[in-house]
Amino acid sequence: MSLNRSEKEAVISEVTGLAAKAQTLVMAEYRGITVAAMTKLRSDARKQGVSLSVLKNTLARRAVAGSAFEVVSDQMTGPLIYGFSADAVAAARVVADFAKTNDKLVIRGGAFAGKALDVNGVKQLASIPSKEVLLAQLCGLLKSPISRTAVVLGALAAKKGETAAA
């Protein structure tokens, strides 16, 4: 079904707004995916704060023109689903996780921080732990020397107690 000019302008302005808020864009070819699988993918994406859209490629190119995602406009060919996320790794993680279980979804590429990503780049971005996990790891690293010092001091106190008793 063809869109009229005002509908196209509305789609372009909506996608331009998504691109302005997003840090990451992931593109994947969805040819052959069932409606149930696509519904599950969209549901998973919503839970992670990822906006998935099936767009006409010409409208997508116009929407990302002048943004950090313009670097991938030449890759916008074929039946693509576009995933925008404000979280740097959410879109890549959602699409990569779904692609592991559904071989019909083929990751084509993406963009992050104004740089184009190939398939491996998207998969590497998806493998980065979440912000909460990274903060927990940092806290563990900061806590480790203090814990070790406390254990050593406790052992010293216990040894001094034994020698004083003997």
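How many residues does helix α4 have, and how far does α4 reach from its first C-alpha to its last? Helix α4 (residues 90-101) has 12 residues and reaches 17 Å, close to the 16 Å expected at 1.5 Å a residue. The expected span is 1.5 Å times one less than the number of residues in the helix.

This is a predicted model: local features need pLDDT of at least 70, side-chain atom pairs count only at pLDDT 80 or more, and totals for chains, interfaces and linings use all residues. Residues are numbered from 1 along each chain as its sequence is written, and side-chain values use heavy atoms, with hydrogens and water left out.

**Helix α4 and the cores**

- Helices (H or I, at least four residues) and strands (E, at least two) are DSSP runs, numbered from the N terminus.
- The buried residues of α4 are Ala90, Ala91, Ala92, Arg93, Val94, Val95, Ala96 and Phe98. Buried means under 20% relative accessible area, exposed over 50%, and partly exposed in between (1.4 Å probe, protein chains only).
- These buried residues pack against β1 (24-29), α2 (35-48), β2 (50-54), β3 (80-85), β4 (106-112) and α5 (119-126). Contact means heavy atoms within 4.5 Å.
- The largest nonpolar core holds 24 residues, of which Leu41, Val50, Ile81 and Leu105 touch the most other members. At least two residues of this core come from each of β1, α2, β2, α4 and α5. Helix α4 gives the most, with seven residues.
- Another core, of 18 residues, lies apart from that one, and among its members are Leu59, Met76, Tyr82 and Ala111. A nonpolar core is a set of buried Ala, Val, Leu, Ile, Met, Phe, Trp, Tyr and Cys residues joined through side-chain atoms within 4.5 Å.

**The aromatic pair**

- The structure holds one aromatic pair. Phe69 and Phe84 form it edge-to-face, at 5.8 Å centre to centre and with 70° between the planes.
- Phe69 lies in the loop between α3 (57-64) and β3, and Phe84 in strand β3, so the pair ties together parts that are 15 residues apart in sequence.
- Both Phe69 and Phe84 are buried.
- Rings of Phe, Tyr and Trp (its six-membered ring) pair if their centres lie within 6.5 Å; planes under 30 degrees apart count as stacked, over 60 as edge-to-face and the rest as tilted.

**Val50 and Ser85**

- Val50 sits in strand β2. Its relative accessible area is 6%, so Val50 is buried.
- Leaving out residues up to four places away in sequence, Val50 touches Ala45, Gly83, Phe84, Ser85, Ala90, Ala91 and Val94.
- The C-alpha atoms of Val50 and Ser85 are separated by 4.7 Å, although the two residues are 35 residues apart along the chain.
- Ser85 belongs to strand β3. Ser85 counts as buried, at 2% relative accessibility.
- The Ser85 side chain reaches the backbone oxygen of Asp87 at 2.6 Å and the backbone nitrogen of Ala91 at 3.3 Å. A polar contact is a pair of N or O atoms within 3.5 Å; within protein, one must be able to donate a hydrogen and the other to accept it, and residues adjacent in sequence count only if both atoms are side-chain atoms.
- Not counting residues up to four places away in sequence, Ser85 touches Ala22, Gln23, Thr24, Gly49, Val50, Ala90 and Ala91.

**Thr24**

- Thr24 is in strand β1. Thr24 counts as buried, at 0% relative accessibility.
- A polar atom of the Thr24 side chain lies 2.6 Å from the backbone oxygen of Ala88.
- Neighbours within four places in sequence aside, Thr24 has contacts that include Phe69, Phe84, Ser85, Ala111 and Leu125.

- The domain assignment gives domain 1 (5-128) and domain 2 (130-165). Such bounds come from an automatic or database domain assignment.
- The centres of domain 1 and domain 2, taken over C-alpha atoms, are 45 Å apart.
- Gly140 lies in helix α6 (residues 131-165). Gly140 is partly exposed, with a relative accessible area of 39%.
- Ala113 is in the loop between β4 and β5 (115-117). Phi of Ala113 is near 55°, a positive value in a residue other than glycine. Ala113 is exposed, at 61% relative accessible area.
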